[in-house]
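The questions below go through one protein model, from its overall make-up to individual residues.

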Amino acid sequence: MADVTGKSVREGVVLALLSLPVRRIRALRGTSGVASGLQRAQSFLIVATLLYRASHLTVGALAVAQRRSELPLQYAGFAAALGLSVLTYGAALRRGWFDRRHIWADVLVTGCALPLALWAWGGVREPPAIAWAMLLGGSASAVAAISLRRLHALVVIGLLIGAHLIGYHAVGASPAVILGHTNSLVSSAVMTWLFRWYLLRQGRLLDEANARAVAAEAHKARYAERLEHHRALHDTVLATLTTLASGSVDANAPEVRQRCAREAAYLRRLIQQTAEEVHHREIGTALEEAVGSVESLQLRVTAQYHDLPQVPPAVAAALGDAVREALNNVRRHAGTGHAYLTATRDPDARGGAVVTVVDRGPGFDPERCEPGLGLRGSVHGRMAEVGGRATVDTAPGEGVRVELRWPG
């Protein structure tokens, strides 16, 4: 019986700690959010020790059922152990950790008083009849080791060892049985304490890693927001100011003045940190806004749309912004004053879109000319962020063709 007890102590703790699913822990905590690493470690320990106690109670139930006619008092002892277990672990599951008062009650009644009561008043006179009550001391010592202060836990282990030595000696157990059971009781407490130390340490490390990850994500989000503002400023305000500075448009024209007013309002919202990105619901709307923006700076655009697909709002916005910058490049560098825009469904990708911007300007040699900020960030960058791609096809004297394709 002592060998069985020791084996159940060691295997029960290990299997329980290694096999408990995280999803079950979250359910027991009654929260839909993600608990911290320390909270999850504590929940893990609660359920692991609960499974450990449940295995001991199962042995006790079988033992009492086999001797129901000989030792009816064992019913009362088993009921007391079961009731204290429900109280101790039920409160721990609700509160997130053990109540020390419940632990002391469980130790004193289940671990110390129950075996002696069975021997004194229950007629137990042989080791097999008292073994199930002794077994409960192992789970009692395990919980005490992780929930009480170190000195108190040592006192508990001492009390359990004393009570079980008296109980086993009273029923005439052999020294091997007594030594084996004492070893199991102590090793149960030690191993559970080591598991608690390791899990709480890992929980703290996990919390620290999560905090660093959240800080990194916040920094990344702030950088992405600044980058988006830089792109928007490059594609709108800077493009307008460059055109006005070159003298190629009439600054007093109504279209130019309306564009300047829109961009001044955007700058005002940006300074007040209340600017919000407006995603277009359809590709056509986003493209028409881009065309209207550059036409106000006297670039003529011939646009053709055919069988436009429905795409996510963020994709429509990215296509519109990329087209606006491509048209800005035509106005600044092509020297023709005329661009061609086509948009259609991608026949090679279900639900995909293909948008092209073409000019008949002088073109350039891609191997000698590095793409500027507008082409890198506002065209290639925007398309890559939504899972698309942009390609530029050009050669000296051949004009420029920019193709935007989603998905990429």
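Q: Is Thr192 buried or exposed?
A: In this predicted model, Thr192 lies in helix α8, which spans residues 175–246. Its relative accessibility is 3%, and because buried means under 20% relative accessible area, Thr192 counts as buried.

Q: How many helices and strands does the protein have?
A: The chain has 408 residues, of which 44% count as buried. Among contacts between residues at least 6 apart in sequence, 74% join residues at least 24 apart. The secondary structure consists of 12 helices and five strands.

Q: Which element supplies the largest share of the largest nonpolar core?
A: The largest nonpolar core has 31 residues, and Val323, Leu327, Leu341, Val355 and Leu404 touch the most other members. At least two residues of this core come from each of α10 (283–295), α11 (313–334), β2 (338–345), β3 (353–359), α12 (373–385) and β5 (400–406). The largest share, nine residues, is supplied by α11.

Q: Which residues does Val323 touch, not counting residues up to four places away in sequence?
A: Val323 is one of the residues that touch the most other members of the largest nonpolar core. With residues up to four places away in sequence left out, Val323 touches Leu287, Ala290, Leu341, Val355, Val357 and Leu404.

Q: How many residues are in the second, separate core?
A: Apart from the core that holds Val323, there is a second, separate one, which includes Phe44, Ala92, Ala140 and Val143. The number of residues in this second core is 26.

Q: Which residues form one aromatic cluster?
A: The structure holds three aromatic pairs. In one of them, the ring centres of Tyr89 and Phe98 are 5.7 Å apart with the planes at 80°, and because planes over 60 degrees apart count as edge-to-face, this pair is edge-to-face. Trp97 and Phe98 form another edge-to-face pair, with 5.3 Å from centre to centre and 65° between the planes. The cluster is formed by Tyr89, Trp97 and Phe98.

Q: What is the relative accessible area of Phe98?
A: Trp97 and Phe98 are both buried, and Tyr89 is buried as well, with a relative accessible area of 3%. For Phe98, which also counts as buried, the relative accessible area is 5%.

Q: Are α3 and α6 roughly parallel or roughly antiparallel to each other?
A: Helix α3 (residues 37–66) packs with helix α6 (residues 127–147) at an angle of about 170°, and their axes are 9 Å apart. The residues that meet include Leu45, Tyr52 and His56 in α3, and Trp132, Leu136 and Ala140 in α6. Because angles over 145 degrees count as roughly antiparallel, the relation of α3 and α6 is roughly antiparallel.

Q: Which residues are in contact with Gln74, leaving aside its neighbours within four places in sequence?
A: Gln74 is found in helix α4 (residues 73–95) and counts as buried at 1% relative accessibility. The C-alpha atoms of Gln74 and Ile130 are separated by 9.6 Å, although these residues are 56 residues apart along the chain. Leaving aside neighbours within four places in sequence, the residues in contact with Gln74 are Val64, Leu118, Val124, Ala129 and Trp132.

Key
Residues are numbered from 1 along each chain as its sequence is written. This is a predicted model: local features need pLDDT of at least 70, side-chain atom pairs count only at pLDDT 80 or more; totals for chains, interfaces and linings use all residues. Side-chain values use heavy atoms; hydrogens and water are left out. Helices (H or I, at least four residues) and strands (E, at least two) are DSSP runs, numbered from the N terminus. Buried means under 20% relative accessible area, exposed over 50%, partly exposed in between (1.4 Å probe, protein chains only). A nonpolar core is a set of buried Ala, Val, Leu, Ile, Met, Phe, Trp, Tyr and Cys residues joined through side-chain atoms within 4.5 Å. Contact means heavy atoms within 4.5 Å. Rings of Phe, Tyr and Trp (its six-membered ring) pair if their centres lie within 6.5 Å; planes under 30 degrees apart count as stacked, over 60 as edge-to-face and the rest as tilted. Axes are lines fitted to C-alpha atoms, for helices over the stretch in contact, and angles run from 0 to 180 degrees between N-to-C directions. Angles under 35 degrees count as roughly parallel, over 145 as roughly antiparallel, 65 to 115 as roughly perpendicular and the rest as oblique.
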